[in-house]
Amino acid sequence: MPSKHISSYKKPGRNGQRYRKQIGKRRYEKYFYGNKEQREEQYKKWVEKLIRDNKDRPFDGSKTWNFFKEKFLTYLRTAKDKRSGLNLFRPRTILEYGYALEHFQTFIKPHYLNDLTYEDIAAFRRETKAKADNASTDYYGVNKDMGCLIRAFEWGMTEGYIPVISLDSLKKRLDVSKVVVSVLQPWQIELILKYSNPNMRVAAKMGYYAGLRPEEAYSVLLSKIDFNTGLVWISANAADKESGVAFWRVKRDKDRPVYFPPDLLADIQALKSAGPYVLMDNSKPPKPYNVNNFSKAWSQNLAHVNKMIIRNEVNTPKITCTYKIFRKTHTTMMLKVGAPEKDASLYVGHADTQVTEEHYLDPKVLKAQQETKQMEHLEKVKKYLSKLPGTLK
């Protein structure tokens, strides 16, 4: 059997062992006694019964898609880790699940969950794959949507909202080709800084100078900036209702220091932000940005930048980018100005240099740096290479 015992249990006259089986989100445990062959046989029959019971479990077919979607997102927002008490799912993760459910709803248009079938889910995958093929993009988005949907549907089956559907054949990820890294050119950054509003100019500099992620940029507290040295800690924010700080923690809980150069510090001071965050919107009273409105604010700012380019710049193409491109550009430019790849990767908080190479570095810049290293190494070993002819008679 695929499962093994997880602990042993002693009973007078017999050795017992506890076995565990998980189906969807439901976890079952039971003790079996006897020798190994007897226990495995008992376990096999027990698992078969569990599978039958779960398949035959009645579900409420009157529930609608909107009901299921709201229930699932509520679960994501409220689920807590039993040990730490922290939220299991980060806001960005919840947002990605929400996007996947919206994409599915747009294509399939489900109403009653009772009508949901395997073919609906398979058709959605085929459609999103075809769209990716037509747009000549990789399958990263398709895999993300399908992963989120499958986990959501398995949760729905466990809770009795969705009829049991075997999704195993849809779990295999589509092959993703090597990522093509896009970075901004210096003239594009200069125009963005020239025509952005003060808030977004500071945000752009945070991304380009310090390599911040979007959620890191709008979560920087004024109290974490040392204006004398430019040192800023990207670290968890403890919730404080009195000062208006919301709880937030860094991706993978990897706190790190970053450096803000003098011109960025001057721009931050010029904002005269009432705090507690560096970036506060223009509403009255000002409110901090969050996962729901920051990308919209950046898109609106970029639209304004492009209007100003059309009005004031001659033969200059439109700029199209998301905020995260500044982080990719930062990492590529770090290598271009001579920073070792390992240092650039550590600075931006990547798990390893492979992440940096595949998703953040312009291949041309990476190749140029590798060639430079090879030439430096060649110069070091030349004195040894020149001695090789002398080894021959």
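A word on the ground rules. Residues are numbered from 1 along each chain as its sequence is written, and side-chain values use heavy atoms, with hydrogens and water left out. As the model is predicted, local features need pLDDT of at least 70 and side-chain atom pairs count only at pLDDT 80 or more, while totals for chains, interfaces and linings use all residues.

Let's begin with the cores. A nonpolar core here is a set of buried Ala, Val, Leu, Ile, Met, Phe, Trp, Tyr and Cys residues joined through side-chain atoms within 4.5 Å. Buried means under 20% relative accessible area, exposed over 50%, and partly exposed in between, with a 1.4 Å probe and protein chains only. The largest nonpolar core has 42 residues, and I192, M206, L212, F260, V278 and W298 have the most contacts inside it. Which elements each supply at least two of its residues? They are α6 (186-195), α7 (198-210), β4 (231-234), α9 (262-271), α10 (294-312) and α11 (325-336). Helices (H or I, at least four residues) and strands (E, at least two) are DSSP runs, numbered from the N terminus. Of these elements, α10 gives the most to this core, with seven residues. Apart from this core lies another, of 35 residues, including L73, I108, I121 and M146.

Now the aromatic rings. A search of the whole structure finds 28 aromatic pairs. Rings of Phe, Tyr and Trp (its six-membered ring) pair if their centres lie within 6.5 Å; planes under 30 degrees apart count as stacked, over 60 as edge-to-face and the rest as tilted. F68 and W155 form a tilted pair, 6.3 Å centre to centre with 40° between the planes. F68 lies in helix α2 (residues 65-78) and W155 in helix α5 (residues 140-158), so the pair ties together parts 87 residues apart in sequence. F68 counts as buried because its relative accessibility is 0%. F72, also in helix α2, pairs with Y97 in helix α3 (residues 91-108). That pair is edge-to-face, at 5.5 Å centre to centre and 70° between the planes.

Last, back to α6. I189, I192, L193 and K194 in α6 meet R201, A204, K205 and Y208 in α7, where contact means heavy atoms within 4.5 Å.
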